[in-house]
Amino acid sequence: MQGKYKALWLNENDFLEVIDQTKLPFEYETKILRTTDEVVLAIKDMTVRGAGVIGSVAAFGIYTACMEVNNYDKLKEKAKLIRKSRPTAVNLMWAVDRMMELLKDSNNLIEDAKKYAIELNDDEAKESQKIAKYGADIIEDLLKQKGKKTINILTHCNAGWLAVIDGGTALAPIYEAQRRGIDVHVWVDETRPRNQGASLTAWELTQSGVNHTIIADNTGGHLMQNDMVDMVITGADRVSANGDVANKIGTYLKALAAKDNDVPFYVAIPASTFDFDIIDGMKDIPIELRSEDEVKYMRGIDDDGKVREILITPKNSPAVNYGFDVTPARLITGLITDKGICEVSFDKIKEKFEENN
Ligand code: MRU
């Protein structure tokens, strides 16, 4: 499997190749994205997903666009298409804007775009390694403090290496804890409607031999009331200047339950997930509204090994599908960042990330 621990790469012909995440966990397939339209579609239909990987694909998407137009003015039009392929994860806009800024005086668009996209991805991978270290330190401390043999961590959606180059965000500390010999068990929220927890996080953890259990989305509160969760770690798609966190729908309910049960609730993010232009995340972070079919239909595998989509609701009942919710800063214990653990307030974030601001 060429893509193990890599969600995307440049193939031998220098085209962007990605794992098709819509096929997991039943089939491992990759797709080559040769045009801007293919990049845009892959982001929209969630062939690739997860805030960091969307940004990474967008950066290589600009390189792909350069191969098509090789002219900065025409590139601007392509960049616009990529930029608006999904609305909530700010890593997408950040990556496109950064690439366009770096390329504005370039005399060799294709070569430079390739170089900058690789650099951007290398930087993100380094951040992921630091997040792993700082997050694992917290896990280690908590284990000592509680005097337990096993640490139980709940996570929502997928914030592993399928979501952020190369080790993920929320899952990075878990992988690192495992490397340190800590006995970790992960409660994996199934994460309806698209089941990124049940299909992607569970698949990733299986690949790495991390002990885990899939739970229905409504189970977390009960587990927390019964002292079965030591901490929660999630990723994020956008964090405003005051520390409000947009993440997969349902994250807010987990944060409420964690607060009520004194369970530490951490959010792991690279710097590219901050949106300093938005002060009040509760009010101003755009929330993606997706097709009602994602709620009404489920995908699975039958006894003959055939992948099928089936309707699970009355055909004509309407459904609504908000992709994300916003967890207010006051419910979050800390942000796990490449610069260490950051307290969640406007001033503390500003102090730590002044130069990114
Ligand atoms: O709709 P998705 O699958 O792109 O949403 C992914 C999430 O919400 C993840 O938790 C997330 O991107 C955070 S970590 C990159």
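Good morning. Please keep in mind throughout that this is a predicted model. I shall begin with the overall division of the chain and then move to individual residues.

The chain is divided into domain 1, residues 8-123, and domain 2, residues 130-356. Taken over C-alpha atoms, the centres of the two domains are 24 Å apart. At their interface, 28 residues of domain 1 are in contact with 32 residues of domain 2. Between them the domains bury about 2,400 Å², and 58% of that area is on carbon and sulfur atoms. On the side of domain 1, the residues that lose the most area to domain 2 are Phe-26, Arg-49 and Thr-88, together accounting for 26% of what that side buries.

How many salt bridges cross this interface? The rule finds one between domain 1 and domain 2. A salt bridge also joins the side chains of Arg-86 and Glu-288, at 2.6 Å from N to O. Glu-288 lies in the loop between helix H10 (281-284) and helix H11 (293-296), and Arg-86 in the loop between H3 and H4, so this pair ties together parts that are 202 residues apart in sequence. Are these two residues buried or exposed? Glu-288 is buried, with a relative accessible area of 6%, and Arg-86 is likewise counted as buried, at 5%.

In the structure as a whole, the search finds 24 salt bridges. I shall mention two further pairs. Arg-83 and Asp-97 meet through their side chains at 2.8 Å, N to O. Arg-83 belongs to helix H3 and Asp-97 to helix H4 (residues 90-103), so the pair ties together parts 14 residues apart in sequence. Here the setting is partly exposed: Arg-83 has a relative accessible area of 34%, and Asp-97 has 38%.

The other pair is Arg-238 and Asp-275, whose side chains form a salt bridge at 2.6 Å, N to O. It links distant parts of the chain, with Arg-238 in strand E8 (residues 238-240) and Asp-275 in strand E11 (residues 274-275), 37 residues apart. Arg-238 is buried at 6% relative accessible area, and Asp-275 is buried at 8%.

There is also a network of salt bridges, linking Lys-133, Asp-137, Glu-140, Glu-176, Arg-179 and Arg-180. One of its members, Glu-176, brings us to helix H6, where it is among the buried residues. After H6 comes Gly-181, which has a positive phi near 85 degrees.

Let me turn to the aromatic residues. The structure holds four aromatic pairs. In one of them, Trp-161 and Trp-203 are tilted, 5.8 Å centre to centre with 50 degrees between the planes. Trp-161 lies in the loop between strand E4 (150-155) and helix H6 (172-179), whereas Trp-203 is in helix H7 (residues 196-207), so the pair ties together parts that are 42 residues apart in sequence. Both tryptophans are buried. Another pair, Phe-274 with Phe-276, is stacked, at 5.1 Å centre to centre and 20 degrees between the planes. Phe-274 is buried at 6% relative accessibility, and Phe-276 at 15%.

The charged end of Arg-34 sits over the ring of Phe-15, 5.6 Å from its centre, and Lys-248 lies over the face of Phe-324, at 4.2 Å from the ring centre.

Finally, the backbone. Most residues other than glycine have a negative phi, and most peptide bonds are trans. Asn-70 lies in the loop between helix H2 (51-69) and helix H3 (72-83) and is partly exposed, at 45%. Thr-191, in the loop between E5 and H7, is buried at 0%.

The loop between E5 and H7 also contains Pro-193, and the peptide bond from Arg-192 to Pro-193 is cis, with omega near 5 degrees. A further cis bond runs from Ile-165 to Asp-166, with omega near -15 degrees; Asp-166 is in the loop between E4 and H6. Thank you.

Key. Residues numbered from 1 in each chain as written. Predicted model: local features only at pLDDT ≥ 70, side-chain atom pairs only at ≥ 80, totals over all residues. Heavy atoms only, no water. Phe/Tyr/Trp six-rings, centres within 6.5 Å; stacked < 30°, edge-to-face > 60°. Helix = DSSP H or I, 4+ residues; strand = E, 2+ residues; numbered from the N terminus. Buried < 20%, exposed > 50% of the residue type's maximum accessible area, 1.4 Å probe, protein only. Lys NZ or Arg CZ within 6 Å of the ring centre and 35° of its normal. Domains from an automatic or database assignment. Contact = heavy atoms within 4.5 Å. Buried area = accessible area lost by both parts, 1.4 Å probe. Salt bridge = Lys/Arg side-chain N within 4 Å of Asp/Glu carboxyl O.
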